[in-house]
Amino acid sequence: MPMRYLPHTEMDIRQMLETIGVKNIDELFSGIPDSCRLQSPLNLPSALSESEAVAVLKTLAERNAKVSEWDSFLGGGAYNHFIPAVVDHLVSRSEFYTAYTPYQPEISQGTLQAIFEFQTMICQLTGMDVANASMYDGASACAEAVLLALRTGRKRNKVLLSEALHPQYRETVATYCRYLNVELIEVGSADGVTDRQQLKGLLDEQVAAVVVGYPNYFGQIEDLQKLADAAHAAGAKLITAVSEPLALGLFKAPGDLGADVVAGEGQAFGIPLSFGGPGIGFFAVKQNDMRALPGRLVGETVDQDGKRGFVLTLATREQHIRREKATSNICSNQGMCTLMVGIFLALHGKQGLRKLAELNYSKAAYAKKQISALDGFAIAFSGEVFNEFVVVCPEPVAELQKRLEEQGILSGIALAKDYPQLENGLLICVTEQNSREQIDRLVSALAGGER
């Protein structure tokens, strides 16, 4: 028999109706006009028992392509990295079941310390002075970075977005700025990176910020120092959006190259791919922009006995201060994800993270070399890449993807929708999870062979 999950008995319902002076359920809803009421039962299948429901859900789940059963070369902002078992083990402890924003923060020392350690490691990775812990994901963090630049930009109202910036990040920025007096201008790309000549022509006294990816959507490493110099010469900020943070374990930190704001996505650090979420945005700035940060900032102090402690140092959310003084209302339930990232980074350490990044870099380089040797295939751009790169294919990408899916291979992301000039472009991502055998199967399948 199906099990009902309604907590109220008939007696409970009767007592509640009597308490409010209503005879029955129909009278309770009498204020809703008949024209607004459903005149027939919902067209739903009959109820299932728990075991039957589990069986149905399992059947539906098995229709999904799992990275554990397929050869996956998908990237584009969500990356398949190995997550040590200790991450799940520690975050599953009962101490961490409640991971919401501490509203009486000083009694939540464990949560505050986890956030503080996360902020510290983000600063170390990005080369910035201060990091917060409140962002939903990389896209919204990027948009919040744009808002920060506009708030501190002395009434400037233009923002230059690199064409090579993640398309979804650009869309999110556009959504945030839709009803603001902001002009968003796209800067084209040349050989897969931001076109510096075009950028210089667009920079003027009304530009508040220049936004680029690092690595960008094509996996290319932008020359941040030159971009920062150009932006600063015009009085604008340079915002770098990092969708693959593992690259920061290998390449120079954005803060050391002149970036004013570093925003990005931390999913690669211990958070499963799931079905596209949750993500965890990060946001870091230099000291002079600390008070313009959205969200919250946890600091370290000592208590009355001189012992180390943690406090909610800065909270610029409208729940904490007057709305007109708030920088943003963003302040997500990020505690659990923050903890996962912190554990992942602490487990690897500085050297371990670098080794992991080097492994990603070398595997992608091997795949890139093998694919470039295939007849009809070409690497789209010549610059330095991290763990993903663009391939120009000799056949329509949709047909190629379908052919490879029949062999159990998820070959990459078609670029034509977001970049019409790359009609046959395929974004391929290789991480440490891809074995040499998997890479060789991909190369063979691209060449027309069978798995």
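Contact is taken here to mean heavy atoms within 4.5 Å. The structure is a predicted model, in which local features need pLDDT of at least 70 and side-chain atom pairs count only at pLDDT 80 or more, while totals for chains, interfaces and linings use all residues. Residues are numbered from 1 along each chain as its sequence is written, and side-chain values use heavy atoms, with hydrogens and water left out.

Leaving aside neighbours within four places in sequence, Asn 80 is in contact with Val 67, Leu 273, Thr 431, Glu 432 and Gln 433. Asn 80 itself is found in the loop between β1 (71-72) and α4 (85-91), where helices (H or I, at least four residues) and strands (E, at least two) are DSSP runs numbered from the N terminus. With a relative accessibility of 15%, Asn 80 counts as buried; the term buried denotes under 20% relative accessible area, exposed denotes over 50%, and partly exposed covers the values in between (1.4 Å probe, protein chains only).

For the chain as a whole, the secondary structure comes to 12 helices and 17 strands. The C-alpha atoms fill a box of roughly 75 × 60 × 50 Å, taken along the principal axes, and buried residues make up 49% of the 451 residues. Of the contacts between residues at least 6 apart in sequence, 71% join residues at least 24 apart.

Two packed helices are described by the angle between their axes and the distance between the axes. The axes are lines fitted to C-alpha atoms, for helices over the stretch in contact, and the angles run from 0 to 180 degrees between N-to-C directions. Helix α10 (residues 335-372) and helix α12 (residues 436-446) have axes that come within 10 Å and cross at roughly 25°, which makes α10 roughly parallel to α12. In this classification, angles under 35 degrees count as roughly parallel, over 145 as roughly antiparallel, 65 to 115 as roughly perpendicular and the rest as oblique. The crossing of α10 past α12 is right-handed; a crossing is right-handed if the near helix is turned clockwise from the far one by less than a right angle, and left-handed if anticlockwise. On the α10 side, Lys 363, Tyr 366, Ala 367, Gln 370 and Ile 371 take part, and these meet Arg 436, Ile 439, Asp 440, Leu 442, Val 443 and Leu 446 in α12. The residues of this contact divide into seven nonpolar, one polar and three charged, with Ala, Val, Leu, Ile, Met, Phe, Trp, Tyr, Cys and Pro counted as nonpolar, Asp, Glu, Lys and Arg as charged, and the others, Gly among them, as polar.

Helix α12 also packs with helix α11 (residues 397-405), at an angle of about 125° and with the axes 10 Å apart, and α11 and α12 are therefore oblique to each other. Their crossing is right-handed. Leu 400, Arg 403 and Leu 404 in α11 meet Leu 442, Ala 445 and Leu 446 in α12, a contact that by class has five nonpolar, no polar and one charged residues.

Ala 414, in strand β16 (residues 413-414), touches Val 397, Gln 401, Gly 425 and Leu 426 when residues up to four places away in sequence are not counted. Ala 414 is partly exposed, with a relative accessible area of 34%, and its C-alpha atom is separated by 30 Å from that of Lys 355, 59 residues apart along the chain.

A disulfide is defined as a pair of cysteine sulfur atoms within 2.5 Å, and by this rule the count comes to zero disulfides. Cys 142 is in no disulfide, the nearest cysteine sulfur, that of Cys 177, being 9.7 Å away; Cys 142 is buried, with a relative accessible area of 0%. The sulfur of Cys 429 lies 16 Å from the closest cysteine sulfur, in Cys 393, which is too far for a bond, and Cys 429 is likewise buried, at a relative accessible area of 1%.

Several loop residues have backbone features of note. The peptide bond from Tyr 214 to Pro 215 is cis, with omega near -10°, and Pro 215 is found in the loop between β7 (207-213) and α9 (224-233). Lys 155, in the loop between α6 (138-151) and β3 (158-162), has phi near 65°, a positive value in a residue other than glycine, and counts as exposed at 80% relative accessibility. Ser 274, in the loop between β9 (261-265) and β10 (281-285), has a positive phi near 50° and counts as partly exposed at 46% relative accessibility.
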